[in-house]
Amino acid sequence: MTTGLIAALDSTDPVQVRAWAQDVAPHCGLVKIGLEYFLANGPAGMGVVAGQRVFLDLKLHDIPNTVAGAVRAVLPVKPAMLTLHAAGGAAMIRAARQAAELAGADRPILLAVTVLTSLDAEALHETGVSGGPRQQVLRLARLALEAGADGLVCSAHEVAMLRAALGAGPVLVVPGIRPAGSDVGDQARVMTPREAAEAGADWIVVGRPITQAPSPAEAAARIAEELRLKV
Ligand code: C5P
């Protein structure tokens, strides 16, 4: 299995995002546009990544009718991947899938977020979930895939468990990646690109180690090379 690179281009500034997108284009399968950029610039701002496959990370979570409407609203942007929260429930995910099908063969791959990695066992317990994050991640992963999600966004430390439990089918997209020797920043539990690839990730998401590097193009090239050299 090969593992691809997604560069997270987190900024509200279209000039900056366009520059990064051009820098990383030769080395990345997709670029990730998040809430920050999309709320600041809207669909009209997506021209800066025209011609590239886009992972639109909006983490949708609302009643089924509203999420279906949101999915329909972003279809003209033609995202290759789109995120939603598994915690929205099976009906919400089914509604999102039905809406996505309107795009036919060009429909976005729907990725479900299970438990935010910013929630530890105690924080999760405070929300009323007992049993711990791993159990909840697996429960929500199964629910999301049964309801029509194509894959999952998961932490580097869940990817091996999810691959073992769910098999080769689901697309697993893994943020929280730091190349060896780089600044960990606010990501508490990280893996290197190679470790995540060996654990079974289809895609890794890397933001600041690329965008804040002296040369984003070189940083992306090095990570892509590390993925190619995976044993
Ligand atoms: O800069 P960094 O590599 O930490 O960026 C990672 C990207 O992945 C960010 O856009 C962040 O929103 C996203 N993400 C994450 N951790 C998760 C889910 C998404 O860092 N658990």
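Colleague: Is Glu-225 buried, exposed or partly exposed?
Modeller: Buried means under 20% relative accessible area and exposed over 50%, with partly exposed in between (1.4 Å probe, protein chains only). Glu-225 has a relative accessibility of 34%. Glu-225 therefore counts as partly exposed.

Colleague: On what basis are such values computed?
Modeller: This is a predicted model, in which local features need pLDDT of at least 70 and side-chain atom pairs count only at pLDDT 80 or more, while totals for chains, interfaces and linings use all residues. Residues are numbered from 1 along each chain as its sequence is written, and side-chain values use heavy atoms, leaving out hydrogens and water.

Colleague: Which residue meets Glu-225 in a salt bridge?
Modeller: A salt bridge is a side-chain nitrogen of Lys or Arg within 4 Å of a carboxyl oxygen of Asp or Glu. The N to O distance is 2.7 Å, and the partner is Arg-228.

Colleague: How many residues apart are Lys-32 and Asp-57?
Modeller: The side chains of Lys-32 and Asp-57 form a salt bridge at 2.7 Å, N to O. Lys-32 belongs to strand β2 (residues 30-34) and Asp-57 to strand β3 (residues 54-60), so that distant parts of the chain are linked. The separation is 25 residues.

Colleague: What is the relative accessible area of Asp-57?
Modeller: Lys-32 is buried at 11%. Asp-57 is buried too, and its relative accessible area is 8%.

Technical notes
Helix = DSSP H or I, 4+ residues; strand = E, 2+ residues; numbered from the N terminus.
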